[in-house]
Amino acid sequence: MDPRLGEIGEKVLGGGEITREEALFLLEIEGPDTYHLLAYANAIRERFCGPGVELCSLINARSGNCPEDCAFCAQSVHHSTGVAVYPLLDAEAVLQKARAMERAGAHRFDVVTSGYGFRETDPEFQRLLEIFRLLRQETSLELCACLGHLTPQAARALKEAGVSRYNHNLETAPSFFPRICTTHTVEERMATIRAAREAGLEICSGGIIGLGESREQRVELAFTLKELGVDAVPLNVLHPRPGTPLGDRPLLPPLEILRTFAMFRFVLPDKNIRYAGGRELNLGPLQPLGLLAGLNGMLIGGYLTTPGQEIERDLAMVDALGFRR
């Protein structure tokens, strides 16, 4: 094993922090040392987070017709993808999905809507507040919201309605963001994260790897999230969707994906870092190794516009690895 890997791993296990240079070194590891890297990431996860895996689920409560031009997204009006388009679901439909996910073992439930975002006076935002109040009353799930950009007043209203965590991904490194979106800026995303934090909400923010970003930019994303003080980090791997500008992007090599997961754990040793979209396509039978690369959370029950793996297979994977759920 490269002695530098051991030095960096022991430093983090001892409570130290790594540098951007050291994080980039982790991404450039090759050969058998990849598995030593994963072992260290797993040990860091165990040391700072314990043996539990947080299981999250979501509902795409308003789909399609998004005015933003994010290059990876099947729901943008700028792309012809054939994705389902529908207005905000009624409260009963959302409640039924939440109850099903709770029975399946989910700890959290995230209500997601397409579009730029909301002000507190928007009629649909008021309907969403009613939905969150109903979910709080009728389920024991921790409630999350992913509604795009928010005003500070809207963030406070979500907190009062029972939402505990707000999801707003940076998507990629600030230096690469203009390459994937031109209709809003990464600074706008950061402003929403700060507004949600100031309202007393936990912050769930991560991104997508495989968009064409460099390894240096993956490190940049990890350290930006660290600087923002986020609580949970969903890591998506691009699932190229026909009709989007990234529809023909090649898939990342599986071991590169796993090294990236491990790097995030080294940078964010005590955060909830979770599997999100694209794991089934990009990792296939190697999915268990993601949880052994430092992840301690995962989405179950499907994603926004893709079905994902069967819940029973996900739970069997978690159990077989000896994680607590």
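The following legends describe close-up views of a predicted model.

Residues are numbered from 1 along each chain as its sequence is written. In this predicted model, local features need pLDDT of at least 70 and side-chain atom pairs count only at pLDDT 80 or more, while totals for chains, interfaces and linings use all residues, and side-chain values use heavy atoms, with hydrogens and water left out.

**View 1. Salt bridge between Glu 124 and Arg 62.** A salt bridge is defined as a side-chain nitrogen of Lys or Arg within 4 Å of a carboxyl oxygen of Asp or Glu; the model contains 20 salt bridges by this rule. In the pair shown, N and O of the side chains of Arg 62 and Glu 124 are 2.4 Å apart. Because Glu 124 belongs to helix α5 (residues 123-138) and Arg 62 to strand β1 (residues 54-62), the pair ties together parts that are 62 residues apart in sequence. Helices (H or I, at least four residues) and strands (E, at least two) are DSSP runs, numbered from the N terminus. Burial is assigned from relative accessible area: buried is under 20%, exposed is over 50%, and partly exposed is in between (1.4 Å probe, protein chains only). Arg 62 is buried, at 16%, whereas Glu 124 is partly exposed, at 23%.

**View 2. Arg 218 and its partners Glu 256 and Glu 213.** A salt bridge joins Arg 218 to Glu 256, with the closest N and O atoms 2.7 Å apart. Arg 218 lies in helix α9 (residues 215-228) and Glu 256 in helix α10 (residues 254-267), so the pair ties together parts that are 38 residues apart in sequence. Both Arg 218 and Glu 256 are buried. Glu 213, located in the loop between β8 (207-209) and α9, is buried as well, with a relative accessible area of 7%. Its side chain makes a polar contact of 2.7 Å with the side chain of Arg 218. A polar contact is a pair of N or O atoms within 3.5 Å; within protein, one must be able to donate a hydrogen and the other to accept it, and residues adjacent in sequence count only if both atoms are side-chain atoms. A polar atom of the Glu 213 side chain also lies 2.7 Å from the backbone nitrogen of Leu 211. Leaving out residues up to four places away in sequence, Glu 213 touches Thr 172, Phe 176, Ile 208 and Arg 218, where contact means heavy atoms within 4.5 Å.

**View 3. Network of salt bridges.** Glu 54, Arg 108, Arg 165, Glu 202 and Arg 274 are linked by salt bridges into a network.

**View 4. Nonpolar cores.** A nonpolar core is a set of buried Ala, Val, Leu, Ile, Met, Phe, Trp, Tyr and Cys residues joined through side-chain atoms within 4.5 Å. The largest comprises 103 residues, and those with the most contacts inside it are Phe 132, Leu 135, Leu 158, Phe 261, Phe 264 and Phe 266. Helix α10 supplies the largest share of this core, eight residues. Beyond its neighbours within four places in sequence, Phe 132 contacts Val 111, Leu 143, Cys 144, Ala 145, Leu 147, Leu 158, Ala 161 and Val 163. A second, separate core has seven residues, among them Leu 58, Val 112, Ala 276 and Leu 299.

**View 5. Helix α13 (residues 311-320) and its buried face.** The buried residues of α13 are Ile 311, Asp 314, Leu 315, Met 317 and Val 318. Seen down the helix axis, they fall within an arc of 155° and so line one face of α13; the arc is that of the directions from the helix axis to the C-beta atoms. These residues pack against β1, α4 (91-104), α11 (279-283), α12 (287-291) and β11 (297-299). The face turned away from the buried side carries the exposed residues Glu 312, Arg 313 and Ala 320. Arg 313 forms a salt bridge with Glu 310 (3.6 Å, N to O), and Glu 310 is partly exposed at 45% relative accessibility. Gly 322, which follows α13, has a positive phi near 85°.

View 6. Glu 17 is exposed, at 56% relative accessibility. Apart from residues up to four places away in sequence, Glu 17 touches Lys 11, Glu 22 and Lys 226. The side chains of Glu 17 and Lys 226 are joined by a polar contact of 3.3 Å.

**View 7. Cysteines without disulfides.** With a disulfide taken as a pair of cysteine sulfur atoms within 2.5 Å, the count is zero. The sulfur of Cys 73 has its closest cysteine sulfur in Cys 66, 6.1 Å away, too far for a bond. For Cys 204, the nearest cysteine sulfur is that of Cys 144, at 6.7 Å. Cys 204 is buried, with a relative accessible area of 8%.
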